[in-house]
Amino acid sequence: VATVNVEVLLPKVQVWENTASVSSSTPDSNTDNNQLVRHITTTAAADLTLALTPSASSLIAGQPFNYTAVATNIGPNDLPSASAHTVTIQVPTGVMFTGMPHGNGWSCSPGNGYPLASGAVTCTRNDGLPVGDAAPTITVPAVATATGTATAAGGVGSSYEDPNLANNGATANVTV
């Protein structure tokens, strides 16, 4: 028995035929089982990534700053407008989010209750995202409340197929 794994990137959405066969110089009493044909149906997918960046990497406790989050579609297909994309950012220990996140076209929550010392903020867009484009920047106003390293974590996702979930998250460190 031998196993061979082959990874391919199929260039478009359609049904693809995959044929595998085996042969040997050793006599084979049943050559009817030496070939296998499978049909693979590909679906459209949009690989979303997230960049999360603080406006300063080193701060004094009590100093205000911002986190910025940028979601990008690296393909292979456009994210259609019917498939909302959502960015979530956790409030890191030692930081408070002082106001509602904002960005052109984003709908963010919670809509009140600031400052937030724990939990998360979530921002959603419903207008699609073409391949190679970045959505407008989300800005999250914050203030450092404790000394040490504060690590914010965020993620992006949608209801659309994403072929690589490993790049949907991001972290940002601030030394206070």
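This is a predicted model: local features need pLDDT of at least 70, side-chain atom pairs count only at pLDDT 80 or more; totals for chains, interfaces and linings use all residues.

How many residues of strand β9 are buried? The strand covers residues 138-144, and seven of the seven are buried. So β9 is largely enclosed by the rest of the structure. For this step, buried means under 20% relative accessible area.

Now take the two faces. In a regular strand, side chains alternate between the two faces of the sheet. In β9, one side carries I138, V140, A142 and A144. The other carries T139, P141 and V143. Both faces are covered, with these residues all buried.

Next, the partners. Which strand is joined to β9 by six bridges? That is β4, residues 64-76, and the two run antiparallel. Look for Y67: this residue stands opposite V140 in β9.

The other partner is β6, residues 95-97. Three bridges join β6 to β9, again antiparallel. Here M96 stands opposite V143. V95 has A144 as its bridge partner in β9.

Now put the sheet together. What is the strand order? Reading across, β3-β4-β9-β6. This is an open sheet of four strands, with antiparallel pairing. β3, residues 46-54, and β6 stand at the edges. Each has a single partner strand, so one side of each is left without a neighbour in the sheet. Neighbouring strands here are turned by 30° against each other on average, direction ignored.

To recap: β9 has both faces covered, and bridges join this strand to β4 and to β6.

How values were computed
Residues are numbered from 1 along each chain as its sequence is written. Side-chain values use heavy atoms; hydrogens and water are left out. Buried means under 20% relative accessible area, exposed over 50%, partly exposed in between (1.4 Å probe, protein chains only). Two strands pair if DSSP finds at least two bridges between them. Axes are lines fitted to C-alpha atoms, for helices over the stretch in contact, and angles run from 0 to 180 degrees between N-to-C directions.
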